[in-house]
Amino acid sequence: MSEEKEIEEKARDLMKKITSKNPCGSGEIDLMGRRYVLLSTEYFPYELTKDLEEIFGTAGDAVLYKGGERVGRDLYGHYIHLAREYGIEIWDIISAVGWYFGWGLGEVIERGHNNGKYVIRVYNSFESESFIDREKKVKKPVCHFMKGVLNGIVESIEVVKYKAEETKCRAKGDEYCEFVFTPL
Ligand SMILES: [Zn+2]
């Protein structure tokens, strides 16, 4: 047996002892052709966000937002093909995929066709969950990454620049997170 296989066997045996099920199976989570990792919302993105805010202030929030925008543009590029192939509306597929991967349950409340305003709600967003786990209640919205992801998707669809704002956040005590996207 190769050294890698031996280490894997050891890990599998140990996990069988401490948990009744191993959702990872082979130890690599492969879903819809991409590899994923599991991170507890008790740590992620709470710890990262707190450090970025402590070191860079509001610029730290912007780092998460900018990274989110790039992810959003990539997700659009990835799922628009599936949307076209199956004849599914892009926002329906984005909502379903977001739910499936545990990011939260999204609903497009207002869809601004032809560069109009968008309003999107996300129930149980993982970012807000992470803060609720650790701080119970905060004063300002915390879903900077999610806001960036959604803005990246909105801008990809509309092909113009948008300004994004999180007007409600579960971490502040609101029922859901609500994002408003206004064309620039
Ligand atoms: Zn939020």
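Start by colouring the protein by its domain assignment, which gives domain 1 (3–35) and domain 2 (39–183). Their centres, taken over C-alpha atoms, are separated by 30 Å. Keep in mind as you go that this is a predicted model.

**The whole chain**

Zoom out and switch to a cartoon view. Along its principal axes, the C-alpha trace spans about 60 × 45 × 30 Å. Of the 184 residues, 24% count as buried. Looking at contacts between residues at least 6 apart in sequence, 51% join residues at least 24 apart.

**Stop 1: Met32**

Select Met32, in the loop between strand E1 (29–31) and E2. Its phi is positive, about 50 degrees, although Met32 is not a glycine. Is Met32 buried or exposed? With 11 other C-beta atoms within 10 Å, Met32 is exposed.

**Stop 2**

Pro45 sits in the loop between strand E2 (34–36) and helix H2 (46–56).

**Stop 3: the four-stranded sheet**

Now show strands E3, E4, E6 and E5. In that order they form an open sheet, and the pairing is antiparallel. Which strands stand at the edges? They are E3 (105–110) and E5, each with a single partner strand, so one side of each has no neighbour in the sheet. If you turn the view, note that neighbouring strands of this sheet are turned by 25 degrees against each other on average, ignoring direction.

Stay with the sheet and pick out E4 and E6. These two strands run antiparallel and are joined by five bridges.

**Stop 4: Asn124**

Leave E4 for the loop between that strand and helix H5 (126–135), where you will find Asn124. Asn124 is another residue to check for its backbone: phi is positive, about 40 degrees, although this residue is not a glycine. Asn124 counts as partly exposed, with 15 other C-beta atoms within 10 Å.

**Stop 5: the largest nonpolar core**

For the last stop, show side chains. The largest nonpolar core has 23 residues, and those touching the most other members are Cys143, Met146, Leu150, Val154, Phe179 and Phe181. Select these six together to get your bearings. Which elements give two or more residues to this core? They are helix H3 (58–86), strand E4 (118–123), helix H6 (144–158), strand E5 (162–168) and strand E6 (177–183). H6 gives the most, with six residues.

Leaving aside residues up to four places away in sequence, what does Cys143 touch? Its contacts are Ser125, Glu127, Ser128, Glu166, Cys169 and Cys177.

Notes
Residues numbered from 1 in each chain as written. Predicted model: local features only at pLDDT ≥ 70, side-chain atom pairs only at ≥ 80, totals over all residues. Core = buried A, V, L, I, M, F, W, Y, C linked by C-beta atoms within 7 Å. Buried ≥ 20, exposed ≤ 12 C-beta atoms within 10 Å, placed from the backbone. Contact = placed C-beta atoms within 7 Å. Pairing = 2+ DSSP bridges. Axes fitted to C-alpha atoms, helices over the stretch in contact; angles between N-to-C directions. Domains from an automatic or database assignment.
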